Amino acid sequence: MPADLLLALLACWIAASIYLSHYGVGNALSSDNVMPYVMFDDLFHRGVGLGGFLWPESPFYFPDTLLAWSAYAICGSLTAAVTLYAWVNSTLFVLLVRAVLRRAGVGADEQARTAWLVFLGLWLLVGALGTRSGSGWFGQFYAYVFVPNNHSGTLLGALGGFAILLGDKSRSGAASMVLLMALCICLLISDRLFEIQFIVPAVAYCAFRGLAGKSRWHAMALPALLLLLAGAESLRWLLPSDTMKWVAALAGAEQGFQVGGDPMMRVSAGESLSRMAAGLAQIIRADPLTSLIELAAVLASAWTLFAALRFRDRSGSTATRDRALLSALLLASVAAPLLASIVLGRHIAIHAFRYEQTIVLLLIPLSMLAAAALPRRPRLVWATYGAVAVGALIMPAFLDASRGALGAEESAQEQCLRNAAEGRNLKFGVAEFWHALEMTARFPATPVVAPLSTDAGPRMSMVTNLGWFGALAARAGELPTLDFVDEYSYSPELLDAAFGKSAQRVICPRSSYRLYRPADGALAHMYRHFEWLPGQILQRLGTVTLPAAAWSADQALVDGDAIHADADLAASTPLLITAQDFPAGALRIWLAYSLVARESGAAAHWDVSALDADGSAVASIGKGALSAAGEVTQVDLPLNARPDGAPGVGISVTASGAVDMRIVAIGLRVDKTR
């Protein structure tokens, strides 16, 4: 075991270093894969919390986020954490393959160890052949093991489950069953794909072992796995999370919100099959050498099954039978997600192959076949150790393993933004998705770069923390100022419409940043342009806090993100006004303002009314006068219950006479439990 561990650590360190020195750099630092590190900073460094976070369909709690957070806490820097994660996660992968081979009883210890060494050598070879490009087998199926949040954690979970299921369970007690159930629960919560990659094949395996092999342990595991599968699906159907309902609604309204992850983002089964075939053809053309290895792996799997059937009545075929059982289990784990992706219409583009990462496990039957063909000599095992170790050590001579590209990736753009942030006190900005979180992850505190959708509005599908926009602010002072906008991929006209014209620009190597002053009120401008946004945030989070200028009744009253009126106003002059559809529930509103009456009789009033589907007022929810306040003060508006059948709410603040009034922010909350 120590020799195996040392070899695994050595091989995976070199493999991870090579991966992070080539195309894997962009993948490891992409907005998707740095999400755990951004979440860690939100929770522990920025104090934003995760209450406004829009989770992806698969939240990847375990093991991805757990391991990424641990690496980040230990290292304290993004690049070091990315490197440590790639090393540890890939090492866990190859060690779990070792555990599967040893537990499966595919031969004597030397033969199982030889099979693992052959697997490790083939795995390194595939990496060496494909690490320069993401278009081949390595990039589409193998490389995800080096990064979080792309279902690689599920692959590790499946291997861990196989290691528990396999082998002679006649002496196994409750501990192994509890371990299996705990593993399944953790993975089911984290990634629905685990149902297909592991539980479905495991159910078939346990049924066979329980009936044909008379295994009591597997007979007991079968109903437990079925119960977990049925329970997980029932909970998802009966109690869908607000996140998934919101994602489904957005995906149904605009297919461009996501590519491949939304529940509604599907094609027909025939189209999915056609796109999968086209993707495989593209991979084969791009990587013919690895294609030969994969073909050999498929043939080895088929031969292993055939050999078990051919020699099933002969004595001494226990190892052959065990190899066949393992091969059948692995083939089921490979076939199940492929078939599910076709039937459910989820294979919409080549990157959807990330759901089929179990294809890498086809190297196991090939490795077993190779090990079975070799002479069973202890010296041969050590010779295989030496061959794999030497092969790993010479790889850096042909492939850069310095990880220099990791530090250089977007470093010029990062330094440009860092200089601008330090020189101009920039704390909050926005960018298109693929250049947002990748930049946010480089700054543990500020600036934060929030992701935008294709229309330059806040990304509302997933992997966004609406807390960055101040949506969860409990006080007006917690609202951020929108300081900058990354111009990448957006036209000047679109940015002018969404955020207003900028005061100045900072030209950086990849793209320029528009800079906005507090007086420009870019955040309020964004809310005015995307007038649907407050209602959707309220629907999603149950609360939203806005800069008051988002609902200014007159553009002339806009003063940055606030509304300011210092004039002698006619009776009941509207300062703030809006009409929105809000989710049903008890409504709470607070207002942050200052008010100085310059003459007797000058005053300000608020009014909240229930509106029907046509926008007509049907009932008053509350109204009253606002007390004078020389400094900004925050008050809760006393409201009555909203009547049924009135989805809309009208909110207004008016003033009369000579007043100096500033409305800074407005906060709304809908208590859906009442």
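Is Cys12 buried or exposed? At 0% relative accessibility, Cys12 counts as buried (under 20% relative accessible area; exposed is over 50%, partly exposed in between; 1.4 Å probe, protein chains only).

This is a predicted model, in which local features need pLDDT of at least 70 and side-chain atom pairs count only at pLDDT 80 or more, while totals for chains, interfaces and linings use all residues. Residues are numbered from 1 along each chain as its sequence is written, and side-chain values use heavy atoms, with hydrogens and water left out.

**View 1. The disulfide between Cys416 and Cys508.** A search of the whole structure finds one disulfide (a pair of cysteine sulfur atoms within 2.5 Å). The bond joins Cys416 to Cys508, with an S to S distance of 2.0 Å. The torsion about this S-S bond is about -75°, so the disulfide is left-handed.

**View 2. Where the two partners sit in the chain.** Cys416 lies in helix H19, residues 411–424. Cys508 lies in the loop between strand E6 (504–506) and strand E7 (513–515). Helices (H or I, at least four residues) and strands (E, at least two) are DSSP runs, numbered from the N terminus. The pair links distant parts of the chain, 92 residues apart. Cys416 is buried at 15% relative accessibility. Cys508 is buried too, at 6%.

**View 3. Cys12 and its closest cysteine sulfur.** That sulfur belongs to Cys75. The gap is 17 Å, too far for a bond.

**View 4. Cys206, a buried cysteine.** Its relative accessibility is 1%. The closest cysteine sulfur to that of Cys206 is in Cys184. The two sulfurs are 9.4 Å apart, too far for a bond.
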